[in-house]
Amino acid sequence: MISFTCDYNEGAHPFILQRLVETNMQQEDGYGEDSFTALARQRIRQACECPDADVFFLVGGTQTNATVIDAILPRYAAVVGVESGHIAVHEAGAVEHSGHKVITLPAESGKMNPDTLRDYFVQFYHDPTWQHMAQPRAVYISFPTEYGTIYSHGELQALYDICKQFEVPLFIDGARLGYGLASKEADITLSQLAQCCNVFYIGGTKIGALCGEAVVFPKGDAPKDFFSIVKQHGALLAKGRVLGLQFDTLFTDELYHHLSRHAIDMAMQLKQLFAEKGIPLYIDSPTNQQFPILTPDIMQRLYDNVLYEVWEELPDGRAVTRFATSWATPQEHVDALREFLK
């Protein structure tokens, strides 16, 4: 049985496991005050070309989204995302649990359209009763999106300009950030992305780490007492060295980029394979998530051999499915899928 269900089926890259073993008995302070975390912060600042950035390490994606949004919003305010956004669909109401409404806008191939966002803000503040409503005081997007699509540099800059016009922070969910930046269709670098938002995070859980996400405030303007807010949300790891060491390793010798590039290479082979077999794609994704539309016959053929996710049942009996590659997807799995589809 081979699996394409998600991009965190495997544990961690061997380099990370090796360093965990090598440093296991070294005594370090807790809660991110260790030497590994200090070095990881410096490596990330260098990679982002943001020497003054505030960098924090949190345990996972949902905790990160809920924590950052709670920290950057006033108690009475809401965050704006798209209907397919992770915080609106797959986080069990974590943001709402912290007291903040998630306002959703229509998505275009998973992305937020700058014109749609601008029109929303204009219409909201045109209403004379806007102070009686949950005020939109932050904007959330993900890079890549839930459908594997990516924003161009121009699109990100346009969204950021609108956010600055209406004085709200732009937060980029980067759980799969490496896969987005490694795409051949990406026209933006990590340092350029850092200049197009107020806060973003670099995902480790899905790209080679056992766990962990690195939150970056590029301008060094993290909310006051952000550390305490992280702890309040259960997103602070007592043995912070575990997170720091992993990101130190991922950002040494461009390992993070190499792992991301591998997942993209495997995904592009999947895309080509589906095209060769005449299997249509629900959406044209340039990243590690591919969404083939499968017939009942093909799904039955794969049933005992291949795992994947079903995203949507179509009226004609076909299904929109998701095949995700990762930093660890072996060539043998792609070759095996090719044989099963013969």
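How closely do the axes of helix α6 and helix α7 come, and at what angle do they cross? In this predicted model, the axes of α6 (residues 114–126) and α7 (residues 153–165) come within 9 Å and cross at roughly 10°. Because angles under 35 degrees count as roughly parallel, α6 is roughly parallel to α7.

**Helix α6 with helix α7**
- On the α6 side, the contact involves P114, L117, R118 and F121, which meet E155, A158, L159, I162, C163 and Q165 of α7.
- Sorted by class, the residues of this contact are seven nonpolar, one polar and two charged.

**Helix α12 with helix α14**
- Helix α12 spans residues 255–276 and helix α14 spans residues 331–340; their axes come within 10 Å and cross at roughly 10°.
- That angle makes α12 roughly parallel to α14.
- From α12, the residues making the contact are M266, Q269, L270, L273 and F274, while α14 contributes Q331, V334, L337 and R338.
- The contact of α12 with α14 comprises six nonpolar residues, two polar residues and one charged residue.

- In soluble globular proteins, nonpolar side chains tend to be buried together.
- The largest nonpolar core here holds 58 residues, and I44, L117, V139, F200 and I202 have the most contacts inside it.
- Apart from that core lies another, of 26 residues, including L58, V95, V199 and L236.
- Beyond its neighbours within four places in sequence, I202 is in contact with I44, C48, G174, L177, E213, A214, V216, F247, F251 and Y256.

**Helix α3**
- Helix α3 covers residues 61–72, and at 1.5 Å a residue its 12 residues should span 16 Å; the end C-alpha atoms are 17 Å apart, which agrees.
- This helix is mostly covered, with nine of its 12 residues buried.
- The buried residues are T64, N65, A66, T67, V68, I69, D70, A71 and I72.

**Residue L181**
- L181 belongs to helix α8, which runs over residues 177–182.
- Leaving out residues up to four places away in sequence, L181 touches F143, A186, I188, T189 and L190.
- L181 and H257 are 76 residues apart along the chain, and their C-alpha atoms are separated by 8.3 Å.

Note on methods
Residues are numbered from 1 along each chain as its sequence is written. This is a predicted model: local features need pLDDT of at least 70, side-chain atom pairs count only at pLDDT 80 or more; totals for chains, interfaces and linings use all residues. Side-chain values use heavy atoms; hydrogens and water are left out. A nonpolar core is a set of buried Ala, Val, Leu, Ile, Met, Phe, Trp, Tyr and Cys residues joined through side-chain atoms within 4.5 Å. Buried means under 20% relative accessible area, exposed over 50%, partly exposed in between (1.4 Å probe, protein chains only). Contact means heavy atoms within 4.5 Å. Axes are lines fitted to C-alpha atoms, for helices over the stretch in contact, and angles run from 0 to 180 degrees between N-to-C directions. Helices (H or I, at least four residues) and strands (E, at least two) are DSSP runs, numbered from the N terminus. Angles under 35 degrees count as roughly parallel, over 145 as roughly antiparallel, 65 to 115 as roughly perpendicular and the rest as oblique. Ala, Val, Leu, Ile, Met, Phe, Trp, Tyr, Cys and Pro count as nonpolar, Asp, Glu, Lys and Arg as charged, and the others, Gly among them, as polar. The expected span of a helix is 1.5 Å times one less than its number of residues.
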